[in-house]
Amino acid sequence: MALASWFRWNEPQNQISRRNPSEMVVETLMMELGWQIKQADKQQRERENEYRKIKTGVDYGWLVNYPKHSYDIRPGERLQLEDMCTKIHPSYCGPVILRLRQLIAEYEPEVQEVARLFRSVLQEATEKIKEEEEAKKLARQWNTKHKTSLSLITFKSRARISPFSSNIKTISEDVERDSEPTRRVWSMPEFRSAKDY
């Protein structure tokens, strides 16, 4: 029983992952980059084998022992790519991976070009994120300005001032019809509704 406490698999898994979403995005994207580099390396070796086979006419592929992974990204470049990955929102992680896969399937790049393709996809995604944030910001600004300006527009459209109008309507219109028409000077301008225009 004393040894069982040393083994961690007997304990229940009630710890929640403490990693934040940006770390998970970086890890996911860098794993995808590593996998794509590995696949591109494998395809490049296969192309070289096919070329040698065509050139010599003999297949010695069964005799050659290739290293598991021959190409790796330089540490400085890896850090730059990881920094770019931190700028990617978690909702864009999937589309970035799909775009990278699409470009790799389309261009079939050499191993050294995969990191450059990945960088271009990350730049596209960050630009798209910035554009969407700016559009949202402008939409919010426009909505707040538009709401205030609409209230002023509706107020202006309801009441218009016509100081030199000849057909003035008053409350005591019935009384004025029976009396003699006299020339009156009005000190206040007339307010008319929009449907009168």
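V26 sits in helix α1; helices here are DSSP runs of H or I with at least four residues, strands are runs of E with at least two, and both are numbered from the N terminus. At 14% relative accessibility, V26 counts as buried. Buried means under 20% relative accessible area, exposed over 50%, and partly exposed in between (1.4 Å probe, protein chains only).

Leaving out residues up to four places away in sequence, V26 touches E82, C85 and T86. Contact means heavy atoms within 4.5 Å. V26 and K87 are 61 residues apart in sequence, yet their C-alpha atoms are 9.1 Å apart in space.

## Basis of the model

The model is predicted: local features need pLDDT of at least 70, side-chain atom pairs count only at pLDDT 80 or more, and totals for chains, interfaces and linings use all residues. Residues are numbered from 1 along each chain as its sequence is written, and side-chain values use heavy atoms, with hydrogens and water left out.

## Overall architecture

The protein has five helices and two strands. Along the sequence they follow the pattern α-α-α-α-β-α-β. Of the 197 residues, 20% are buried.

Take the contacts between residues at least 6 apart in sequence: 80% of them join residues at least 24 apart. The protein exposes about 16400 Å², and carbon and sulfur atoms supply 56% of that area. Accessible areas come from the Shrake-Rupley method with a 1.4 Å probe; for residues, only the protein chains shown count as cover.

## Helix α2

Helix α2 covers residues 75-86, twelve in number. Its first and last C-alpha atoms are 17 Å apart, close to the 16 Å expected at 1.5 Å a residue. The expected span is 1.5 Å times one less than the number of residues in the helix.

E77, L81, M84 and C85 are the buried residues of α2. They cover an arc of only 105 degrees around the axis, which puts them on the same side of α2. The arc is that of the directions from the helix axis to the C-beta atoms. An α-helix has 3.6 residues a turn, so residues three or four places apart point the same way. Exposed P75 and L79 lie on the face of α2 turned away from its buried side.

The 15 residues of α3 should span 21 Å at 1.5 Å a residue, and its end C-alpha atoms are 21 Å apart, which agrees. C93, V96, I97, L100, L103 and I104 are buried in α3. Their arc is only 130 degrees around the axis, which puts them on the same side of α3. L98, A105 and E106 are exposed on the other side.

E108 lies in the loop between α3 and α4. Its phi is positive, near 45 degrees, in a residue other than glycine. Most residues other than glycine have a negative phi. E108 is partly exposed, with a relative accessible area of 48%.

## The nonpolar core

The largest nonpolar core has 28 residues. Such a core is a set of buried Ala, Val, Leu, Ile, Met, Phe, Trp, Tyr and Cys residues joined through side-chain atoms within 4.5 Å. L29, L33, L81, I88, F118 and L122 have the most contacts inside it. Helices α1 (21-56), α2, α3 (93-107) and α4 (111-158) each supply at least two of its residues. Helix α4 gives the most, with nine.

Apart from its neighbours within four places in sequence, I88 is in contact with V25, L29, C93, V96, L122, A125, T126 and I129.
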